[in-house]
Amino acid sequence: KDLVSEPANVLTPINYSERCKKIKINGLKIKILNLNQINKIGMNALTAVSMGSVNDPRVVIFEWNLKKNKKPIVLIGKGVTFDTGGISIKPSSGMEEMIMDMGGSAVVVGSMINAALNKSKKSLIGIIGLVENMPDGNAQRPGDIVKSLSGQTIEVLNTDAEGRMVLADLISYVNKNYSPYQIIDFATLTGAIMIALGTHRAGLFSNNDNLAKKLEKAGDISNEKIWRLPLGSEYDLEINSHRADVKNIGSTRYGGSIQAAQFLKRFI
């Protein structure tokens with residue numbers, strides 16, 4: 001809650017990563033990737049979002065109780081410390097609320113602290129992608145095509161559909177490096193989900209019924225209620241691109257949240 005409440009001039013990606021580095025809990029390992037390391041790895045979708053900002057991106061990785069023969073549960077968080085929408089700029093009214101576009105990452109940081117303090121027996125990875133999405137001469141443009149870490153190319157039709165690009169590379173990274181048992185990502189991914197569900201429930205998309213039921217039950221217990229929405233191959237038609245492997249927004253404005261989830265599914 002403290003992280004979400006900070007203004008974006010205070011909580012830049014670098015400042016955020018430094019705060020994470022200061023967390024000292026026995027057994028909780030924290031690794032920070034800087035811009036050079038992120039570029040070397042090939043997280044081009046993540047860095048494309050940050051190109052318009054003077055604040056460099058960071059990726060922070062938390063490791064808890066990793067064991068050789070045990071596949072970890074991975075928590076992934078979107079950490080857009082401020083989101084103007086980039087070149088596809090948002091309306092000015094209400095833009096100040098975009099200091100909370102890193103809310104998903106804050107959930108991951110809090111969850112990893114919680115797991116470590118309670119000495120969870122689970123093997124857990126937390127990973128957050130920290131970027132600022134700004135309009136600038138260096139910013140990515142609508143129409144750009146970006147090669148993601150997975151090797152898939154993304155046609156950027158709207159620079160305000162940026163969170164899914166950050167998450168796509170994080171998903172690919174953990175798939176390559178950790179062979180996860182489960183992946184749960186947290187993000188303020190679409191305004192469309194609030195149009196669908198209002199402010200009393202968060203949206204849930206899942207390709208695993210058992211995991212979805214556990215998350216729904218956890219939401220009921222914690223009074224952070226969630227509601228499952230559909231995925232399906234028919235929605236792929238919305239995000240197929242003639243110029244790349246996938247578009248970062250759908251061809252219609254209907255079902256925007258589903259299109260975002262279907263986009264992320266391409267990287268699982």
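## A partly exposed pair

Lys225 is partly exposed, with a relative accessible area of 29% (buried means under 20%, exposed over 50% and partly exposed in between, using a 1.4 Å probe and protein chains only). Its partner Asp220 also counts as partly exposed, at 46% relative accessibility, and the two form a salt bridge with the closest N and O atoms 3.7 Å apart; a salt bridge here is a side-chain nitrogen of Lys or Arg within 4 Å of a carboxyl oxygen of Asp or Glu. Elsewhere, salt bridges that share partners join Lys78, Asp101 and Glu162 into one network.

## Basis of the values

The model is predicted, so local features need pLDDT of at least 70 and side-chain atom pairs count only at pLDDT 80 or more, while totals for chains, interfaces and linings use all residues. Residues are numbered from 1 along each chain as its sequence is written, and side-chain values use heavy atoms, with hydrogens and water left out.

By the salt-bridge rule the count comes to 10. One of these joins Asp160 and Lys90 at 3.0 Å, N to O; because Asp160 lies in the loop between strand E6 (153-155) and helix H6 (163-178), and Lys90 in the loop between strand E3 (73-83) and helix H5 (103-117), the pair ties together parts that are 70 residues apart in sequence. Helices (H or I, at least four residues) and strands (E, at least two) are DSSP runs, numbered from the N terminus.

Glu155 forms a salt bridge with Arg243, with the closest N and O atoms 3.0 Å apart. Glu155 is buried at 8% relative accessible area, whereas Arg243 counts as exposed at 53%.
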